[in-house]
Amino acid sequence: MKIKSKVLVIAGSDSSGGAGVQADIKTITALGSYAMTAITAVTSQNTIGINSIIPIPTNVISKQIEFTSKDIKPDAIKIGMLHSESVIKTVLKSLNKINVKKIILDPVMVAKGGQRLVDKKSIKTLKKILLKKVTLITPNIPEAEVLSGMTIKTIEDMIYAAKKINILGVKSVLIKGGHLETKKIHDVFLYNNKIKIFNSKKIVTKNTHGTGCTLSSAITTFYSCGKTLKKSCELGINYVNHAIMTGPNYGKGHGPINHINNIEIKKRK
Ligand code: PXL
């Protein structure tokens with residue numbers, strides 16, 4: 001199989017392999033592209049919870065981004081866990097040096113088990129300086145509430161919040177509706193002042209660890225290959241839904257999803 005594109009991931013490591021950089025590499029690889037990484041922090045965790053988070057020094061983060069990209073230029077960048085203000089500032093500085101246009105940000109705030117992955121100050125900084133650099137942001141409902149400063153209970157609220165986040169300077173917004181108590185899942189996509197709602201079946205399972213990381217990586221990969229952002233979101237959502245449906249049911253807590261579902265689907269044909 002020929003490699004279709006190159007994607008740089010700036011994110012944290014998840015030792016359990018279901019989320020973070022591990023989910024990103026698996027997703028990008030399963031979708032036929034080449035993954036590179038800049039690790040921001042190392043977490044020790046399993047499907048039940050997080051044991052520790054060790055930050056990587058900011059000069060090491062910038063070296064990973066700049067030294068790698070100088071040699072192999074990424075077609076797109078996916079950003080995940082940025083746990084502190086200094087990390088956000090460092091990442092922005094490096095992004096300004098490498099001139100890559102397609103940047104997707106998953107504004108990671110808390111893990112599935114409820115533990116905080118970033119400090120409070122960093123969210124303010126992310127809103128203030130990083131969003132202007134970003135092509136698409138992919139918050140879930142709690143993250144969209146923090147970013148927009150409003151409570152979200154309905155699809156109309158999601159649309160209003162997307163508009164509020166758009167005004168902060170980010171070009172497009174995909175708010176994931178999985179946390180709302182609706183029959184189906186509705187993901188709200190705002191781009192060029194237009195709204196598109198993606199509807200999916202709700203899959204009842206506790207095994208959803210890493211869905212956010214996986215979705216943003218899948219979207220970045222499709223987008224890096226030249227698909228439109230709207231099509232990339234549609235294909236990314238589809239990929240994650242299949243990954244949830246075929247999850248391996250590992251661990252005693254929130255287990256991982258099946259990143260190689262794409263390969264499986266092709267084999268069956
Ligand atoms: O899913 C959010 C997330 C992102 N990044 C890292 C994580 C997690 C959740 O556990 O560990 C490194």
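By class, the shell around the ligand comprises 6 nonpolar, 6 polar and 1 charged residues, where Ala, Val, Leu, Ile, Met, Phe, Trp, Tyr, Cys and Pro count as nonpolar, Asp, Glu, Lys and Arg as charged, and the others, Gly among them, as polar. The model is predicted, with local features requiring pLDDT of at least 70 and side-chain atom pairs pLDDT 80 or more, while totals for chains, interfaces and linings use all residues. Residues are numbered from 1 along each chain as its sequence is written, and side-chain values use heavy atoms, with hydrogens and water left out.

The ligand is surrounded by 13 residues, the closest being Gly12, Gln45, Leu117, His209 and Cys213, a residue being near if one of its heavy atoms lies within 4 Å. A polar side-chain atom of glutamine 45 is 2.5 Å from an oxygen atom of the ligand. Taken alone, the ligand exposes 310 Å², of which the protein buries 93%, areas being computed by the Shrake-Rupley method with a 1.4 Å probe. Strand E1 (6-14) and strand E2 (34-45) each give two or more residues to this shell, and E1 gives the most, with 3 residues; strands are DSSP runs of at least two residues, numbered from the N terminus.

The two residue sets divide by class as follows.

| Set | Nonpolar | Polar | Charged |

Key:
Polar contact = N/O pair within 3.5 Å; in protein donor to acceptor, adjacent residues only side chain to side chain. Helix = DSSP H or I, 4+ residues; strand = E, 2+ residues; numbered from the N terminus.
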